[in-house]
Amino acid sequence: MPIVLYHFPLSPPCRTALCTAKALGLDVTIKIVNLLAKEHLNEDYVKMNPEHTIPSLDDNGLIIWHSHAIATYLVSKYGKDDSLYPVDPAKRVVVDQRLYFDATTLFPRLRATTFPLMFLGKTDVEPDKKAAIYEALGILEKYLEPTGWVAGDHVTVADIACAVTTATLQAMGVVLDAYPKIREWLERCNSTIPHFEEANKEALKDVAELIKSKVTHNVYAP
Ligand SMILES: N[C@@H](CCC(=O)N[C@@H](CS)C(=O)NCC(=O)O)C(=O)O
């Protein structure tokens with residue numbers, strides 16, 4: 001049975017799961033859960049994932065949610081080797097730490113600004129929330145300094161997760177001029193992670209259009 005990904009392209013965590021599957025060359029069946037139509041609150045979806053977040057993954061009855069858990073599961077189960085998620089505890093813990101950075105800092109700071117624009121009728125971003133995004137990018141810039149990758153000396157799932165979120169921030173209007181390492185790294189992710197650019201391209205355009213439709217100027221400019 002094929003692996004099923006419950007997906008909505010606008011959602012960065014969904015694209016982290018999708019990009020990981022694509023980087024591994026996996027064939028996944030996509031089932032769209034339209035967040036804008038609140039399909040994630042449908043009874044069947046909530047029965048499957050009580051947190052009603054997207055993405056969720058169904059691997060022959062094993063249901064997983066939280067994109068970072070999905071990404072590490074896919075590499076552990078289907079990776080030809082462990083390079084995207086190293087087995088060595090000292091290397092793995094750095095990847096885990098940076099995945100938690102995306103899960104608990106970078107993505108939540110993005111979401112704290114998009115949710116009010118998309119669902120609460122807001123037309124601006126509060127200065128402290130915007131500052132929190134730029135602060136997180138400053139931390140990410142530091143993570144990239146030693147090797148140009150987020151965790152260790154080569155690409156891992158931590159790069160996939162952080163790059164999906166960061167590319168989405170850029171599409172929303174966040175300006176990366178002050179972060180040269182981040183700009184170089186995003187290009188490196190696009191050129192070296194299989195299918196990464198293609199898996200994000202349309203969605204990033206849609207994100208940009210959606211945000212523009214809610215605001216009168218670039219509310220993410222520093
Ligand atoms: N930590 C989760 C976050 C997922 C998340 O917050 N997804 C959003 C869409 S981007 C969502 O499902 N929102 C609907 C809800 O929370 O009910 C992950 O990485 O999968």
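Me: Hi! Is the crossing in which H6 passes H8 left-handed or right-handed?
Reply: H6 passes H8 in a right-handed crossing, where right-handed means that the near helix is turned clockwise from the far one by less than a right angle. This is a predicted model, in which local features need pLDDT of at least 70, side-chain atom pairs count only at pLDDT 80 or more, and totals for chains, interfaces and linings use all residues. Residues are numbered from 1 along each chain as its sequence is written, and side-chain values use heavy atoms, with hydrogens and water left out.

Me: Thanks! At what angle do H6 and H8 pack?
Reply: Helix H6 (residues 157–172) and helix H8 (residues 196–214) pack at about 35 degrees, and their axes are 8 Å apart. Axes are lines fitted to C-alpha atoms, for helices over the stretch in contact, with angles from 0 to 180 degrees between N-to-C directions. Helices (H or I, at least four residues) and strands (E, at least two) are DSSP runs, numbered from the N terminus.

Me: And which residues meet there?
Reply: From H6 they include Ile 160, Val 164 and Met 172, and from H8 Phe 196, Leu 204 and Ile 211 are among them. Contact means heavy atoms within 4.5 Å.

Me: OK, new topic. In what order do the strands of the sheet run?
Reply: The open sheet has 4 strands in the order S2-S1-S3-S4, with mixed pairing. S2 (28–32) and S4 (62–65) are the edge strands, each pairing on one side only. Two strands pair if DSSP finds at least two bridges between them.

Me: How many bridges between S3 and S4?
Reply: Strand S3 (residues 56–59) pairs with S4 over 4 bridges in the antiparallel sense. As one of the details, Leu 57 has Ile 64 in S4 as its bridge partner.

Me: Which helix lies across S1 and S2?
Reply: That's helix H1 (residues 12–23), which runs at about 150 degrees to S1 (3–7).

Me: What about the loop between H2 and S3, where does Pro 55 come in?
Reply: Pro 55 lies in that loop, between helix H2 (43–48) and S3. A cis peptide bond joins Ile 54 to Pro 55, with omega about 5 degrees. His 52 lies in the loop between H2 and S3 too, and its phi is near 40 degrees, a positive value in a residue other than glycine.

Me: Last one: how far apart are the C-alpha centres of domain 1 and domain 2?
Reply: They lie 19 Å apart. The domain assignment, automatic or from a database, gives domain 1 (3–78) and domain 2 (89–214). Across the two, 19 residues of domain 1 are in contact with 26 residues of domain 2.
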